[in-house]
Amino acid sequence: MPDHVQLNPAAEDAADVLIPDVTGGLIDRSIYTDPNLYRLELQRIFARAWNFMCHETQIPNAGDYFINFIGEDQVIVVRGEDGRIRALLNTCRHRGNALCRAELGNTRTFVCSYHGWTYGLDGRLLGIPGKADFYRNQIDQEKWGLAPAAKVDHYKGFYFATLDPEAPSLFDYLGDVGRIGIESMLNHGEVVALDGVQKNVIDCNWKIAVDNLFDWYHVKVSHNSASRVGFLNQAAMMPMTQMVMLGELGHAIGGPMVTREEQARIDALSDDERIAIDRLPDAERLKVTPTLRRPLRSTDTKAAMGPVGVRATGHPNIFPNLWISTRGMQMSLRLPRGPGRTEIWWFTVMPKSFTPEQRRAAKKFITHSFGPAGLLEQDDGENWSQSTMAGQGVVSRRYPHNMQMAMGQDEVLVDATGQKSIETRVNEHAQRWTYRCWAEWLRARDWPELLATRSPSPIGRV
Ligand code: FES
Ligand SMILES: [Fe+2]
């Protein structure tokens, strides 16, 4: 086994970093610009959390690999000869050179371009040029393998990794709300990831890009041009019926919901009716189904998501930075690249059961929505950059962001199965929850402390 130098990545002293109080819905702008806070985020959030790596269909064969990040730690996610998926830090153990330079591919070994150290798919150091002549055989090859992530696991084919050996299991980490987020991609059964991940950089803090995914307030204004050209149906995008689910550790879902009456109509569909509706092109399907939720596997889906989760058709965020979007067909990572820069990645997954026409229509819709060519993200990115940059001004930064919409105005309902939700209008509950949990992650020195001090998912008035 490779030598595993696993320090607790979150344990560095943070006594001199001021973590602002965010519980009153007022957000101190330093959280978007302070380099010390940013460093603490890398240690106590990204290095500690379960981070999304890839879908199993992106690396189906032995030797397939995909490069991703845990914060600013680059990792190679690779399927070994044994079929197992591992996550290895992409840094040569000799002088730290980035080992794998391609974003994805297939290989039998990883050979460093600097001095040629060669590693196997399991991270073991297989070869050292000049081992006998120059090292005089005085190097313990076994000890110099690639550093592996502490844990790698998947939920229904979606792979995650953590650098912290104390992290809870992925299943527990996701909790009810995180699992609903992933289940929302599986309403049609098994999915396949499409080739290509769209990537672009926006000059904004990563948290602004995250809190925006719950923001159904901006749609009418920011995306006015998209609706004027007929791309968006604004009424459907900003309905007055919204649901928020707040999960422990910061996971959340916020946005439109299926009302109980609409869900009863979906539940009453026969299997034949579901299949007939499911075969329609997307635009037609939306006319006959009451909402965006696809009904084909309603019974299975409901069992997996729960009676409340199945009605939450808004945007899930798996804390810290995985957004599931676009009718469950796109996933976006907001990867931190310094306090004022974020790399945005877009993955596409589609049901294996889609007909060629459905697939074509969905691809067209996706390409026009998000990613560098998406109508929506161009509008968003501009606003996020300006919101971040204004936090640099000596006086401007003294004025906090306002995140108080609907604060204290709504009630968390607990259904008979124990699922919690807020049924309301456009609001900022999920944003406040995200920042509250963000501060708790930063304050706790390690996983045991975080688990002991985190807020439980709220009940009662919020
Ligand atoms: S840095 Fe990789 S072999 Fe020297
Ligand atoms: Fe937007």
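Colleague: Happy to start with E190: is this residue buried or exposed?

Modeller: This is a predicted model, so everything here is computed from its atoms. Exposed means over 50% relative accessible area. E190 passes that cut-off, so it counts as exposed, at 55%.

Colleague: Which residue does E190 pair with in a salt bridge?

Modeller: The closest N and O atoms of the pair are 3.0 Å apart, and a salt bridge needs them within 4 Å. E190 sits in the loop between α2 (170-183) and β12 (191-193), and its partner is in the loop between β19 (342-351) and α11 (356-369), so the bridge ties together parts that are 162 residues apart in sequence.

Colleague: What about E41: which lysine does it bridge to?

Modeller: The closest N and O atoms are 2.6 Å apart in this pair. E41 belongs to helix α1 (residues 35-46) and the lysine to helix α3 (residues 206-211), so the bridge links parts 166 residues apart in sequence. E41 is buried at a relative accessible area of 1%, and the lysine is buried too, at 4%. That lysine is K207.

Colleague: And which residue meets R337 in a salt bridge?

Modeller: The N to O distance is 3.2 Å, and the cut-off is 4 Å. R337 is buried, with a relative accessible area of 19%. Its partner is buried as well, at 17%; the residue is E343.

Colleague: Then which backbone nitrogen does the side chain of E377 reach?

Modeller: Not counting residues up to four places away in sequence, E377 touches several residues, among them N200, I202, W346 and F370. The backbone nitrogen that its side chain reaches is 3.4 Å away.

Colleague: Where does the side chain of S332 make its contact with a backbone oxygen?

Modeller: S332 is in strand β18 (residues 330-336) and counts as buried at 0% relative accessibility. Leaving aside neighbours within four places in sequence, its contacts include N321, L322, W323 and I344. At 3.1 Å, its side chain reaches the backbone oxygen of W345.

Colleague: On to the backbone: which two residues does a cis peptide bond join?

Modeller: Most residues other than glycine have a negative phi, and most peptide bonds are trans. Here omega is about 5 degrees. The proline of the pair lies in the loop between β16 (315-318) and β17 (322-325), and the two residues are F319 and P320.

Colleague: What is the phi of L249?

Modeller: L249 is found in the loop between β14 (242-246) and β15 (252-256). It counts as buried, at 3% relative accessibility. Although L249 is not a glycine, its phi is positive, at about 75 degrees.

Colleague: And what is the phi of R136?

Modeller: R136 is placed in the loop between β9 (125-127) and β10 (151-155). This residue is exposed, with a relative accessible area of 59%. Phi is again positive in a residue other than glycine, near 55 degrees.

Colleague: To finish, which residues form the nonpolar patch on the surface that includes Y399?

Modeller: Y399 is in the loop between α12 (375-389) and β20 (401-402), and at 53% relative accessibility it counts as exposed. The members of the patch have about 310 Å² of accessible area together. They are V394, V395 and Y399.

Notes:
Residues are numbered from 1 along each chain as its sequence is written. Chains are lettered from A and ligands numbered from 1 in the order in which they are written. This is a predicted model: local features need pLDDT of at least 70, side-chain atom pairs count only at pLDDT 80 or more; totals for chains, interfaces and linings use all residues. Side-chain values use heavy atoms; hydrogens and water are left out. Patches are made of residues with over 30% relative accessible area and no salt bridge: like charges are joined within 9 Å, nonpolar side chains (Val, Leu, Ile, Met, Phe, Trp, Tyr) within 5 Å. Accessible areas come from the Shrake-Rupley method with a 1.4 Å probe; for residues, only the protein chains shown count as cover. A salt bridge is a side-chain nitrogen of Lys or Arg within 4 Å of a carboxyl oxygen of Asp or Glu. Helices (H or I, at least four residues) and strands (E, at least two) are DSSP runs, numbered from the N terminus. Buried means under 20% relative accessible area, exposed over 50%, partly exposed in between (1.4 Å probe, protein chains only). A polar contact is a pair of N or O atoms within 3.5 Å; within protein, one must be able to donate a hydrogen and the other to accept it, and residues adjacent in sequence count only if both atoms are side-chain atoms. Contact means heavy atoms within 4.5 Å.
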